[in-house]
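This briefing covers side-chain packing in one protein model. The points are grouped by topic and follow the structure below.

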Amino acid sequence: MDTDVTEAGQNATNRGSDDDEGIFATVAVIGAGAMGSGIAQVAATAGHRVVLVDPVIGAAVEARQRIEAALDRLESKGRISREHAEATLERLVASESVHELPECGLVIEAVPEDLHLKRRLFADLSERQPANTVLATNTSSIDIDDIARDVIDPERVLGLHFFNPPPVMALVEVVHGEVTSPAFVEHVTALMRAWGKTPVRCASTPGFIVNRVARPFYGEAQRIVEAGVADAATVDWVLRERGGFPMGPLELTDFIGQDVNLAVGTSVWEQTGHDERYTPTDFQRRLVEAGTLGRKTGKGVYTYAADGSVERPEPDLELAGRLVGGPVATDPLARTVAMLVNEAVGLVHRGEASAEDVDTAMRLGVRYPRGPIEWGGEIGFDVVAAQIAELDAAFPGGRYRPSPALTDGSLR
Ligand SMILES: NC(=O)c1ccc[n+]([C@@H]2O[C@H](COP(=O)([O-])OP(=O)(O)OC[C@H]3O[C@@H](n4cnc5c(N)ncnc54)[C@H](O)[C@@H]3O)[C@@H](O)[C@H]2O)c1
């Protein structure tokens, strides 16, 4: 998604070259799927020798061909020169065996989201690579310490959470586990900058920054529609046209896939010990159970024509006008933003990320019009706290709990 974001990664032409002779000279990327091939392209573009590994026969070679085609497209658009495209491709080697890797400064794992697979792979890599090789995972949801469990020298394990597609999306979450060495985090953060990326740092907390803070964007809208306060098209209209979000929450979940979005939400819910804040909605569960997964199945919240165009009812603008600025429980914008602010300040309060990094992550990772903490400051953190208290009174049960950071003055 978000393919209209500037191709920031492509501007990094050879800026990683300071590291060419240093410890990061050779980068291995394990897993040549959607993410691994994109990450390999970014690393090779930045000047590294890259070994792209996938045990499926032909997968890494095919990924290299896709990268070649992507470089050709960039060249035809005048974004890179022929020489640069050729040199980038020459630096990229496809391989079918992790056991044949040269010594690397950095290994980035992008295999399927399976803890046992990743844990085994990291243990194996840690035996074969020198003690100062950084072992990074592109996991979107698994705890870094769990992946590092059987690793020799686990202080070199960290998360490098790229967004899809990696050559286009500037944001990278640099995730540290309990024992990750701050020096490695520092090195890798600098390296991501050299690759033309915008790194943000966070602890290995469920959902990291983006997938955690974004939960209420989907959940509040689903609850408002489920309660019959407003229809989906009106809620989406309010968030888009009044809130400035690039897409409304309901159309966005159709775009992502209701099943994919539900899986991310369920993972955060389970990892937080079934915190009521992240309880999946019946609204979304029903959509998934019915196989109405969104665009990819032709039907989700909305219906889609064969060419992908949406058949969306007209929003009820008169209703929208009445809801926005009214009681927070029925105001899709105020309710959503209050909960986004609450999630964001919660991360900072728990010491899991800085306010600046949370705001940067939400602007770049999901293109929010403003960082939620900056937004909360504009609204007034005390006002947000009062809005959440109002929501708690309307919907008791623990879902609407203001973070202490909203009232303790620490954010002013
Ligand atoms: N797709 C996304 O939008 C996205 C975004 C951010 C992070 N991630 C994370 O990135 C990782 C990869 O996701 P993806 O979408 O690229 O998956 P994918 O299914 O497209 O690719 C995974 C690749 O790994 C290969 N593979 C399987 N076992 C392997 C092994 N033992 N060694 C090496 N390669 C192996 C597969 O053959 C496949 O080519 C996952 O952890 C995912 O959660 C995905």
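Is Phe-217 buried or exposed? Phe-217 has a relative accessibility of 1%, under the 20% limit, so this residue counts as buried. The model is a predicted one.

**Aromatic residues**

- The structure contains six aromatic pairs.
- In one of these, the ring centres of Phe-217 and Tyr-218 are 5.7 Å apart and the planes stand at 75°, which makes the pair edge-to-face because that angle is over 60 degrees.
- Tyr-218 is buried, as is Phe-217.
- Phe-217 also pairs with Phe-245, here in a tilted arrangement with 4.7 Å from centre to centre and 40° between the planes.
- Helix H8 (residues 215-226) holds Phe-217, while Phe-245 is in the loop between helix H9 (232-242) and helix H10 (249-256); the pair therefore ties together parts 28 residues apart in sequence.
- Phe-245 is at 2% relative accessibility, so Phe-245 counts as buried too.
- One aromatic cluster is formed by Phe-217, Tyr-218, Phe-245, Tyr-368 and Trp-375.
- At Tyr-302, the ring has the charged end of Arg-312 sitting over it, 5.7 Å from the ring centre.

**Thr-336 in helix H14**

- Helix H14 spans residues 332-349 and includes Thr-336.
- Thr-336 has a relative accessible area of 0% and is therefore buried.
- From the side chain of Thr-336 to the backbone oxygen of Pro-332 the distance is 2.6 Å.
- Setting aside residues up to four places away in sequence, Thr-336 touches Phe-217, along with Pro-216, Glu-220 and Leu-239.

**Nonpolar cores**

- In soluble globular proteins, nonpolar side chains tend to be buried together.
- The largest nonpolar core here comprises 81 residues, and Ile-30, Ile-209 and Leu-250 have the most contacts inside it.
- H14 is the element that gives the most to this core, namely 10 residues.
- The core lies between domain 1 (8-204) and domain 2 (212-406), because both domains give residues to it.
- Beyond its neighbours within four places in sequence, Ile-30 is in contact with Val-53, Val-98, Leu-101, Val-107, Ile-108, Glu-109, Ala-110, Val-111 and Leu-121.
- Another core, of 38 residues, lies apart from the largest one; Val-42, Leu-92, Val-134 and Phe-184 are among its residues.

How values were computed: Residues numbered from 1 in each chain as written. Predicted model: local features only at pLDDT ≥ 70, side-chain atom pairs only at ≥ 80, totals over all residues. Heavy atoms only, no water. Helix = DSSP H or I, 4+ residues; strand = E, 2+ residues; numbered from the N terminus. Buried < 20%, exposed > 50% of the residue type's maximum accessible area, 1.4 Å probe, protein only. Polar contact = N/O pair within 3.5 Å; in protein donor to acceptor, adjacent residues only side chain to side chain. Contact = heavy atoms within 4.5 Å. Core = buried A, V, L, I, M, F, W, Y, C linked by side-chain atoms within 4.5 Å. Domains from an automatic or database assignment. Phe/Tyr/Trp six-rings, centres within 6.5 Å; stacked < 30°, edge-to-face > 60°. Lys NZ or Arg CZ within 6 Å of the ring centre and 35° of its normal.
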